[in-house]
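User: I'd like to go through the aromatic contacts in this one. Can you take me through them?

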Amino acid sequence: MTRVAITGMGVVSAIGNDIETFRRALHDTTGGLAPAQGLDEVPKGITVVGQVRDFDAEARFGRDRLALLDPFSQFAMAAADEAIGMAGLDFRADPAMGQRTACIIGTGGAGIATLQEGFVRLYRDGKHRVNPFTVPRYMGNAACSQVTMAHGITGPSFAVTSACATANHAIGLGFHMVRGGVADRAVVGGTDALVNFGNLKAWEALRVVSRDTCRPFSKDRTGMVVGEGAGVFVLERWDDAVARGAPILAEMIGFGMSADAGDITFPSVEGASRAVQACLDDAGLTAADVDHINAHGTATTANDATEAKVIRAVFGDAADRLAVSSTKSFHGHGLGAAGGLELVAAIVAAQDGFVPPTLNLTELDPECPLDVVTGTGRAMDVRTVVSNSFAFGGLNAVLAIRRAEG
Amino acid sequence: MSDLEQKIFDIVVDKTELTHDRLSREARISDLEISSLDFVEIVFAVEEEFDIEVPYNANTMDADFETLGDIIDAVAAEIAKQQ
């Protein structure tokens, strides 16, 4: 079977707008959750957010291009620039290569900030017109299209959406396309720009947001923290990467999906377990092969207890030797970007032999009987990592990677 | 039964399939089998009705609200705060 290498990655997040800053934050256990900045008003029920900060969009894109870019596109483009630069690919210089490259960039909220600005003009300010670029800014495929346009990627390209599992679906689909020969390489990931008043009000209304901060698997957790950002990756055939001497960050080895067909918000042990098992099967892994799980770990009561049961159900006794962590405690819940941010963390774990800690855990919830890594993290041999995403709506997507080994 | 109680019970009946005869201050929310999403809708309707904000978090619901009386007391407290 065709092996698939990850040769580039890029990130925009509350803990850094480039990979090395993100990596340093994980090692230094420097979380990025803080009160929202720059909003006219912050909903009372939102104490902290995983907000992208110090992102100089004008310097990156210039004023002319910015007019067409909702923040969710800006984040994806910045992450894609970093990933493609790291992979050392230039699609413009080689149009034939561009045609054999897929681009799949998912999003949960798409251009919600742009829509909101339009509604504020119409319904609050009594204006009669909205931004002329409202449609091309807010449409769900805008980020994907902008990445293809910026880099000259002309193969199969589209956006996917599955709430919190979006990025894993995008990444996994690209992986299967490269492995299956539909494309030679794929630029894949997820993006969301969610720290705006209307969206935060929507999350506040659902009553699942934390009272203080994100405490995955902790007995005293009170909910999730809204985050945002983008994580984008370059996947290509292993042999191509070796032939052109590209740095291989990790190997993509498995992808599993499932639907709960149950509740629109409450997760199912059975449904999520099938996605994890499908991922292991896809990768040819047994339970004992996995060293570390980057958990979905939203820090809601329902998710974490369910996810613990999922891990116990799939891994059995091997779960005792499985280092589990939720990096949402660093960067918040990036929704459509979540799986992207977390795959970066998973790759860092494999590259550096370091499992980042779950921050803010005061006492492990007995309902979550897992080896949750806390404190300053854990230096250990990390060969194989699984990254879980279980979405609202019961759509599950799970990825597996292996440390780069010839 | 106070006017406040009556209004809250009316909202619960409207948002669930429960009948009035099952509702009392002492009725336990877990016994009534009100789903968490129904509960979110109930709290929203109560907030709209009384123009208040109820400090309700689905993650800590079991600890914060055991009976319908707990909800009524929380609403009464919020209304008192406003006056």
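Here are some questions and answers on the ring pairs.

Analyst: Quick note before we start: this is a predicted model, where local features need pLDDT of at least 70, side-chain atom pairs count only at pLDDT 80 or more, and totals for chains, interfaces and linings use all residues. Residues are numbered from 1 along each chain as its sequence is written, chains are lettered from A and ligands numbered from 1 in the order in which they are written, and side-chain values use heavy atoms, with hydrogens and water left out.

User: How many aromatic pairs are there over all chains?

Analyst: Rings of Phe, Tyr and Trp (its six-membered ring) pair if their centres lie within 6.5 Å; planes under 30 degrees apart are stacked, over 60 edge-to-face, and the rest tilted. Searching the whole structure that way gives 7.

User: Are the rings of Trp203(A) and Phe392(A) stacked or edge-to-face?

Analyst: Their centres are 5.9 Å apart. The planes sit at 25°, so the pair is stacked.

User: Is Phe392(A) buried or partly exposed?

Analyst: Buried means under 20% relative accessible area, exposed over 50%, and partly exposed in between (1.4 Å probe, protein chains only). Phe392(A) has 31% relative accessibility, so it counts as partly exposed.

User: What kind of pair do Phe39(B) and Phe65(B) make?

Analyst: Phe39(B) is buried at 1% relative accessibility, and Phe65(B) is buried at 6%. Their ring centres are 6.1 Å apart with planes at 50°, so the pair is tilted.
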